[in-house]
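The points are grouped by topic.

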Amino acid sequence: MSDVAPSIARMGDSIIARGLVKRYGDVVALDGVDLTVPTGTVLGLLGPNGAGKTTVVRILTTLLRPTAGSATVAGADVLAEPARVRRHIGLSGQYAAVDEYLTGFENLVMIGRLYHLGRRASRARARELLENFSLAESGDRPTRTYSGGMRRRLDLAGALVADPPVIFLDEPTTGLDPRGRTEMWNVIQTLVAKGTTLLLTTQYLEEADLLADEIVVIDHGRIIAQGTSDDLKREVGGERLELTLADGSQLPEAERLLAPLGLGPPTLDAGRRTLLMPVAGGASTLAETLRVLDGTSIALDDIGLRRPTLDDVFLSLTGRTTHDEDADDTEGRQS
Amino acid sequence: MRVPHVVADASVVATRNVIKIKRVPDLLVFTTLSPIMFVLLFAYVFGGAIEGGNGDEYRQFLIAGIFAQTVIFGATITGAGLAEDVKKGIIDRFRSLPMSPSAVLTGRTFSDVINNVLVLIVMSLTGLVVGWRITSSFWDAAAGYLLLIVFAYAISWIFAWVGMLVPSPEVVNNASFIIIFPLTFVANTFVPLDTMPAPLQTFAEWNPVSSVTQAARELFGNIPAGTPEPTSWALQHPVAYTLMWSALILAVFVPLANAQYRVSTSR
C-alpha cells in the first residue's frame with residue numbers, strides 16, 4: 001500500500017483487491033474489480049453464471065494470476081507471497097472438492113497434514129469438525145456415499161481445518177436441495193458469528209441477503225452495484241406488484257392498461273404468464289389495478305404486492321433477471 | 001519450500017492414492033487381471049505357434065516381457081489419476097493449501113510405484129504357476145525387479161505430463177494406448193528380434209523397453225545357454241542403457257510435468 005497514513009478502517013481490511021483484470025485472449029472475464037472486505041465481515045459477491053465471481057475467488061486464493069491489478073489477503077500480497085496467503089485462507093469451491101474414495105475423516109486429516117498441523121493435531125481437528133458439521137456418524141464412510149449436502153458440509157469443513165482467519169466460499173449452495181441449503185446457511189451463520197472474514201459468491205439473491213453484511217453485484221466482469229442489502233433495495237424503491245394472468249397472450253394488453261399505475265415500466269414473463277411492476281401506494285394500488293382490469297376480458301390467476309427482493313435489484317440494474325443467462329429465450333420471454 | 005515438506009506432503013498425497021487402491025479393489029483387480037490374461041494368452045495361445053514346441057522355453061522368455069509391458073502400462077494410472085483430480089477440483093483444493101506444489105505430482109508417482117509392486121507380485125505368482133522360474137541369485141532377481149520399477153517410475157512422469165496436458169482421464173487412456181502399444185510390441189518383449197524386418201529390428205534393438213526386458217531376463221536367469229549375444233550395444237549393456245534412459249526421461253519430464261502443472265491448473 002502506498003498510502004502514507006492508512007485509515008483505521010483500512011488497516012482492518014482482510015481482503016483488498018484493486019483493479020483486478022483477467023483476460024483470456026479477447027475474452028474479458030474481469031474488467032477492473034475493486035473489493036474491500038473489513039475484517040470480521042461477510043461480503044456477498046452476487047451475479048449470474050459467467051459474471052466473473054469464480055475468477056475473483058480464484059485470483060484471491062492464489063489459484064489464478066490476474067492480467068492486471070493487485071490484491072492483499074490477510075495482509076499478504078496475493079501475487080508476491082502466495083504461500084503466505086495460503087497459510088491464512090480456507091477455500092471451499094464451487095464443486096465439492098472432497099475425495100470420494102476417502103472417508104470424511106481421512107479427507108480432513110489429509111488437509112490438516114497438508115497445512116502441516118502434524119498427525120495428531122490433524123486427527124483431533126478432523127474429529128472435532130465432523131462433530132461440528134453433523135458428520136460424526138458418517139465420518140468413517142467413504143464420501144461417495146454422502147448426499148450432496150453432506151459433501152458440501154465436508155468441503156466447507158475442509159476450508160476450516162486450520163481455522164483460517166479468511167474464508168472463501170464459492171457458491172456454497174449451488175445444486176443443493178432446499179433442505180441442504182438451509183443446513184448450509186446455518187453452518188455459515190455459525191461461522192460468521194465467530195468473527196471469520198468471509199467472501200461468499202452466490203447466484204441466489206436471498207442467500208446474499210441473508211448472510212452478507214455487504215453485497216457487491218457483478219455482471220460481465222464489472223461491479224454494477226454495491227452496498228448493504230437494504231441500500232440496494234432502497235435504490236430500487238417501492239413495492240412490487242405481481243400479476244399472473246390466466247392467458248399469457250393477454251400480457252401486452254395488461255401492460256398497456258397498467259403501465260400508467262407503475263413507478264417504472266412493467267416486466268413481462270410469458271412463460272410464467274406474469275407481469276411485474278414497481279409501484280407506490282400499497283393497497284390502494286392493488287384496488288386500482290383490479291378496477292382497471294375489471295370490465296376487460298383479462299382474467300387473473302393471482303395478484304399480489306411484495307417488498308422488492310434482490311432479484312428485482314438485479315433486474316432494475318441490468319434489465320435482466322439472474323436466470324436469463326441459463327434460460328435464454330427458451331421460455332419465449334417478451335420484454 | 002523446504003525439502004522435508006516436499007517429502008512429507010508427497011507422502012500424504014501418496015497415502016491418499018493408496019487408500020483409493022484399497023477402497024476400489026476393482027481397480028487393482030483389473031490392472032492385475034489383464035497381465036494375468038496376457039501371461040495365459042501368450043503362454044498357451046501364441047506360445048506353441050511362436051516356438052513350435054511345447055512352449056515351456058517360451059514361457060521363460062515371455063514373463064520378463066509381460067512384466068515390462070505391464071509396469072509401463074501401469075504408468076498410465078498416473079496420468080489418468082491426475083486428470084481425474086483436475087476434473088474433480090481436488091487439485092484446486094491442494095493448490096489452495098500451503099503445501100509444496102510439486103508434492104501433488106510426486107505423491108502420485110510414489111503411489112503408482114506401490115501399485116506396480118502389487119502388480120509385479122501378482123504376475124510373478126501367475127508366472128510361477130505357468131512354469132516360469134527364477135534361476136539366478138536372490139540379489140540378481142531383486143535387482144531385476146528394482147530395475148523394472150525404476151524404469152516404470154520414469155515412464156510415469158511422462159504420463160504425469162500427459163495427464164496435465166490433456167485433463168480428461170479418457171483422453172489419457174487413449175493416448176497411452178497409441179504410445180505404449182508400439183513401444184512395447186516393437187521390442188523383444190514377446191518375440192525374438194531376429195524375426196522382425198530390418199528397420200523394426202533396429203528400432204527394437206535400441207528401444208529401452210527391449211533393454212529393460214533384456215536386463216530383467218538376464219537378472220532372473222531366463223536366458224538359456226547358447227543364446228547368441230545381442231548385436232546392439234544397448235542390449236549388450238541392458239542395465240546401464242535402461243538406467244540411462246530412466247535418468248534422461250526423469251530429467252526431461254519431471255520439470256516438464258511440473259511446468260505443465262502450473263500452467264494447466266492456473267487457467
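**Contact between the chains**

In this predicted model, the contact draws 18 residues from chain B and 23 residues from chain A.

- On the side of chain B that touches chain A, the elements giving two or more residues are helix 1 (3–23) and helix 4 (90–95) of chain B, and the largest share, six residues, comes from helix 1 of chain B.
- By residue class, the side of chain B that touches chain A divides into seven nonpolar, three polar and eight charged residues.

**Domains of chain A**

- The domain assignment of chain A gives domain 1 (8–233) and domain 2 (238–307), and the centres of domain 1 and domain 2 of chain A, taken over C-alpha atoms, are separated by 40 Å.

**Helix 7 of chain A**

- Helix 7 (residues 178–193) of chain A has 16 residues, and from its first C-alpha to its last it reaches 23 Å, which is close to the 22 Å expected at 1.5 Å a residue.
- Within helix 7 of chain A, the residues A:Met184, A:Ile188 and A:Leu191 are buried; they lie on the same side of the helix because they cover an arc of only 50° around its axis.
- The other side of helix 7 of chain A carries the exposed residues A:Pro178, A:Arg179, A:Asn186, A:Gln189, A:Thr190 and A:Ala193.
- The cover over the buried residues of helix 7 of chain A includes helix 6 (148–160), strand 8 (197–202) and helix 8 (205–211) of chain A.
- Just after helix 7 of chain A, A:Gly195 adopts a positive phi of about 95°.

Notes
Residues are numbered from 1 along each chain as its sequence is written. Chains are lettered from A and ligands numbered from 1 in the order in which they are written. This is a predicted model: local features need pLDDT of at least 70, side-chain atom pairs count only at pLDDT 80 or more; totals for chains, interfaces and linings use all residues. Two residues are in contact if their C-beta atoms, placed from the backbone, lie within 7 Å. Helices (H or I, at least four residues) and strands (E, at least two) are DSSP runs, numbered from the N terminus. Ala, Val, Leu, Ile, Met, Phe, Trp, Tyr, Cys and Pro count as nonpolar, Asp, Glu, Lys and Arg as charged, and the others, Gly among them, as polar. Domain bounds come from an automatic or database domain assignment. The expected span of a helix is 1.5 Å times one less than its number of residues. A residue is buried if 20 or more other C-beta atoms lie within 10 Å of its own, exposed if 12 or fewer, and partly exposed in between; C-beta atoms are placed from the backbone. The arc is that of the directions from the helix axis to the C-beta atoms.
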